[in-house]
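Let's take a walk through this structure together. Have a look at it first, and then we'll go piece by piece.

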Amino acid sequence: MKSLRELQDTFQRGILAGDDAILAEVKDSAKEERKVLFGVYRNAYVARLAEIVGDDYEQLHAYLGDRVFARLVKAYIAANPSDRRSARWFGRHLPAFVRKSETYAKHREIAEIAELEKALADAFDGPDAEPLRIEALAAVAPEAWPSLVFVPHPTASRLTFSTNAADIWSALKSETAPPKPLHLPEPQAILVWRQEFMSRFRPLSPEEAMMWDEAAKGVRFGVLCEMVATFAGEDEAELRAASYLKGWVDMETLAGCQTA
Amino acid sequence: MSSDKPPYLGFGLGLRPQHYQEILDASPAIDWFEIISENYMIEGGQPLHMLDRICERYPVVMHGVSLSIASTAPLDLDYLGALKTLADRVKPKWISDHLCWTGVHGVNLHDLLPIPYTEEALDHVVARVGQVQDFLDRRLTLENVSSYITFGQSEMTEWEFVSEVAKRADCWLLFDVNNVYVSAFNHGFSTDEFLHGVPRDRVVQFHVAGHSHEESHIIDTHDHPVCDEVWDFYRDTVGHFGPVSTMIERDDNIPPLAELVDELDHARAIARAVLGEKRLEAAE
């Protein structure tokens, strides 16, 4: 008689690898053969995970269509047995899987749509933090401004796209025909975060992206202004920097500020 | 560790995101809610915010799907830690999971997999329940699962196994009416045998749910309304156990809240008819 450990090992291989050795351990019912009955577990495994990935990547599903998406998900499930207790995390490797896939990697927008959906999902249930309010900034003494550093909201993440994946995603989300996939002449910076309870994203201009990335590293506001001046000219550089900062505060992408 | 029997809560529903706002806006006549623990083992955002609001208004029970109590893999202490953290936040009336395993070798199959009903498995499960109860510092409530296969090596019936786990590990039982019905059909045993084979004083909760009939077998899908046959068995179950906190489970094809409240009223009406208004009220 197999030990419990051996039995569970055989059972699991029966589900994951289609190994029929488990059938020697289980019985036919009065109404059905054991292979069909064990098949309930095999089918449920794939069906459940496919549903989870489908829920996590709705717009990618819409973009690829049922047939191609099902093929992608089937390959993903076969290559990535779930290693977390919560199914919430099962689909987290899909963007990387697509990027490495011979079939899908050449269509770069596919991985980027997946990356955007994953970032939005991560922002949705990421850590809470009180956003930085304009009143808090208004209370900062003028002489303290150059040494101010900013704390990004913990749900904020930055993506860089080589295609118009963000436009494709937006069109699909609003149930309109997506634009044709394009390789952009310059990479597009995207900021993802959660405002109230909604995940959001926004493309950033190259200058704003540079300032965001440096601010996120803890660079002081005085230095950020100098960097903006170097990036696109000294003319009204401080005004440009202040305007980016106001936008971040209005959209609740920051969780605090302090003097360095 | 508290050994007090969990209180009778009346008639509850599974908390589903589709219904958050309606619950908070309309405070529907639902006595309590059951949450899927894993859905709230997250860092923040709307789900935890809504859960906090609902916990302020309703009694809540935590129901897990991946404790994997019967697995031969080591207990996952990170998972147990997260469960305890959530319990500190929710202050649930009890914590339940399933008498099953969900994977080995670091893999989670996201399914409630069957156990061979052997002395070896019994010893293993009883020891693990003890460890989990010590960790959580509270009694665990375990649910009988639906199953589709039986193991050649089983030495006892499912209800004997379930009962022995409850007695030896000193835990509570969640009697899933639909799962008994499904497994009885699939394995050809009588629902009455199961019903009368389980210790009455251990049962603290009922689940009632819908399923999918595949002619030769039934699959526990929780995506349909409760069928007449399961309601009939619920009637027998209530008659046998008396007032026990009852909850309608729906995990897929989630209907509007009003539809589930109607189903819950049906359960309440059955319990009233079987037990009488006075006995039901006395339990509250």
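## Strands that pair up

Two strands count as paired if DSSP finds at least two bridges between them. Keep in mind that this is a predicted model. In chain A, strand S3 (residues 183-195) and strand S4 (residues 198-204) run antiparallel, joined by seven bridges. S3(A) and S4(A) make a hairpin with two residues between them, and A:Glu196 in the turn has a positive phi of about 55°.

S3(A) has another partner too: strand S2 (residues 157-163) of chain A pairs with S3(A) in the antiparallel sense, over six bridges. Here you'll find A:Thr160 opposite A:Ala189 in S3(A).

## Chain A as a whole

Zoom out, and chain A shows 10 helices and five strands. Its radius of gyration is 25 Å, well over the 18 Å that the globule rule gives for 260 residues, so chain A is more spread out than a compact globule. Its C-alpha trace spans about 85 × 40 × 25 Å along the principal axes. Of the 260 residues in chain A, 37% are buried.

## The nonpolar core

Which residues have the most contacts inside the largest nonpolar core? They are B:Val165 and B:Leu173, in a core of 139 residues. Helix H5 (residues 108-124) of chain A gives the most to this core, with eight residues. Domain 1 (4-89) and domain 2 (124-259) of chain A each supply at least three residues to this core.

Leaving aside neighbours within four places in sequence, B:Leu173 is in contact with several residues, including B:Leu142, B:Val162, B:Ala166 and B:Val198.

Terms used
Residues numbered from 1 in each chain as written. Chains lettered and ligands numbered in written order. Predicted model: local features only at pLDDT ≥ 70, side-chain atom pairs only at ≥ 80, totals over all residues. Core = buried A, V, L, I, M, F, W, Y, C linked by C-beta atoms within 7 Å. Buried ≥ 20, exposed ≤ 12 C-beta atoms within 10 Å, placed from the backbone. Helix = DSSP H or I, 4+ residues; strand = E, 2+ residues; numbered from the N terminus. Domains from an automatic or database assignment. Contact = placed C-beta atoms within 7 Å. Rg over C-alpha atoms; globule rule 2.2 N^0.38 Å.
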